[in-house]
Amino acid sequence: MTATSSRIYIEGKRVDYTNGTLTKQGGNTASKITFTLPGKSIQLRKYWGKEVTFYFNKSDSVPMFRGYIINAEISGNSSISLRAVDVLGFLTGHHRPKIILDNASNVDGLTVSGAFKKLIELAKLDKIGTDFIKDTDPIKKIKFLRGEILILDSIISELSLIYNTNTKLPRQNIIKVVDDGKKGQVLFELLKDVSISNPIHEFNYTNNIIDFQVQNRKVPTIINVKGKYNGIIFKHESAAVAFGEHTLNITNPELKSKAECQDFAQMILHANIQDKYEYNLTTFEGVYLEENDVIHITDKDTGIEGNFRIVGKTINFSPSGFNISLDINRQPPLLAQFLS
């Protein structure tokens, strides 16, 4: 492990820990941190619901992670393990809040960002910051939503219908959590086009790659595309023989004819064939990289070189060191999120 000066605070008070893991999976999911505290006489319940902040370096002005403890359990005979999730965790899990919308209380006519704010307010989730939420790109308004709904599920459903078409391959908006120094703020961010984005970090075996793993990804060879007025089922026979029969369902209201749906399906297929792998990078750099950041990788052993987008990361740390694993992808998630 490379040396570090990581610190953990519970309710603003620094605690001694033996080891920990920070996991950010991306994909509109909550980030989590697990860490172990020494001491067999510690009372488990006193930590539940308490705020946890994790600073990777003592010089950091804002924490790399801010969240709340959701689980505590005995770990061995002389320590306990605590797990905390960020503010998005209040909208996930089996007990995530439900809101009932009716004619008197609803989000009709609001943009997706406006609806997200109002739903969080209705649920009285004041620990979730909404000051940074801006409109999605493109802007979309909620038409009609009634009955009992799950906040995050409803917002993600709306995001799945929004496509930015300024570049060749349509891109979607994702939900991220950033820290303002006082609380976790949720916001929307448009996926970056790696083909035109400038990478902010370079990785190669000479300088900073420890291990680079490549895995096959399912390639959708049967693509159901639903446009504004109609849809098509596109199947590429030779691709199905080569990669197997995998189905992708996509709704894109920007498509107004069967011909446009057909062209869109072919574009999706070609993009998936071109980027039919997913990657995991083990390194000792890039700790501050976040989801949607673009990096450049050169791997002479596999012949892979180019720009990639960060999907998630895992940091294993202790008071004496750390290591980091990056999940990376060149392909926008919209091509894989609905893969069945």
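Started at Gly20, which stands opposite Phe317 in strand 19. A strand here is a DSSP run of E with at least two residues, a helix is a run of H or I with at least four, and both are numbered from the N terminus. Before going on, I noted that this is a predicted model, where local features need pLDDT of at least 70, side-chain atom pairs count only at pLDDT 80 or more, and totals for chains, interfaces and linings use all residues. Residues are numbered from 1 along each chain as its sequence is written, and side-chain values use heavy atoms, with hydrogens and water left out.

I stayed with strand 19 (residues 304-318) and checked how covered it is. Of its 15 residues, 11 are buried, so the rest of the structure largely encloses it. Buried means under 20% relative accessible area, exposed means over 50%, and partly exposed is in between (1.4 Å probe, protein chains only).

Which strands did I find joined to strand 19? Strand 3 is joined to it by 5 bridges, running antiparallel. Strand 18 (residues 294-299) is also antiparallel to strand 19, with 6 bridges. Strand 20 (residues 321-329) pairs with strand 19 in the antiparallel sense over 9 bridges. For a pair to count, DSSP has to find at least two bridges between the strands.

Ile295 has Phe308 in strand 19 as its bridge partner. Phe317, the residue facing Gly20, also stands opposite Phe322 in strand 20.

Then the turns. Strands 18 and 19 form a hairpin with 4 residues between them, and Gly303 in that turn has a positive phi of about 75°. The hairpin from strand 19 to strand 20 goes through 2 residues.

**Ser31**

I looked up Ser31 next, in the loop between strand 3 (19-24) and strand 4 (32-38). Is Ser31 buried or exposed? It is buried, with a relative accessible area of 10%. Not counting residues up to four places away in sequence, Ser31 touches Thr23, Lys24, Phe65, Ala84, Val85 and Asp86. Contact means heavy atoms within 4.5 Å.

**Lys50**

Lys50 is in the loop between strand 4 and strand 5 (51-55). I have it down as partly exposed, at a relative accessible area of 32%. With residues up to four places away in sequence not counted, Lys50 touches Ile10, Glu11, Gly67, Tyr68 and Ile69. I also took a distance: the C-alpha atoms of Lys50 and Thr206 are separated by 43 Å, and the two are 156 residues apart along the chain.

**Helix 1 on helix 2**

How do helix 1 and helix 2 lie to each other? The axes of helix 1 (residues 112-122) and helix 2 (residues 151-159) come within 10 Å and cross at roughly 175°. The two helices are therefore roughly antiparallel. On the helix 1 side the contact is made by Val112, Phe116, Leu119 and Ile120, and on the helix 2 side by Ile151, Ile155, Glu158 and Leu159.

I then asked what else helix 1 does. Its buried residues are Val112, Ser113, Ala115, Phe116, Leu119 and Ile120. Viewed down the axis of helix 1, they fall within an arc of 160°, so they line one face (the arc is that of the directions from the helix axis to the C-beta atoms). They pack against strand 8 (98-101), strand 9 (147-150), helix 2, strand 10 (173-179) and strand 11 (184-190). Lys124 follows helix 1 and has a positive phi, near 55°.

**Strands 10 and 11**

Ile174 stands opposite Glu189 in strand 11. The pair forms a hairpin with 4 residues between the strands, and Gly181 in the turn has a positive phi of about 100°. Strand 11 is mostly covered, with 6 of its 7 residues buried.

**Val225 and its sheet**

Last stop was Val225, in strand 14 (residues 222-226). Val225 counts as buried at 3% relative accessibility. Leaving aside neighbours within four places in sequence, its contacts include Ile232, Ile250, Leu255 and Phe264.

I found an open sheet of 3 strands in the order 15-14-16, with mixed pairing. Its edge strands are strand 15 (231-235) and strand 16 (247-251), each pairing on one side only. Strand 14 and strand 15 pair in the antiparallel sense over 5 bridges, and Ile223 has Phe234 in strand 15 as its bridge partner.

Note on methods. Axes fitted to C-alpha atoms, helices over the stretch in contact; angles between N-to-C directions. Parallel < 35°, antiparallel > 145°, perpendicular 65-115°, else oblique.
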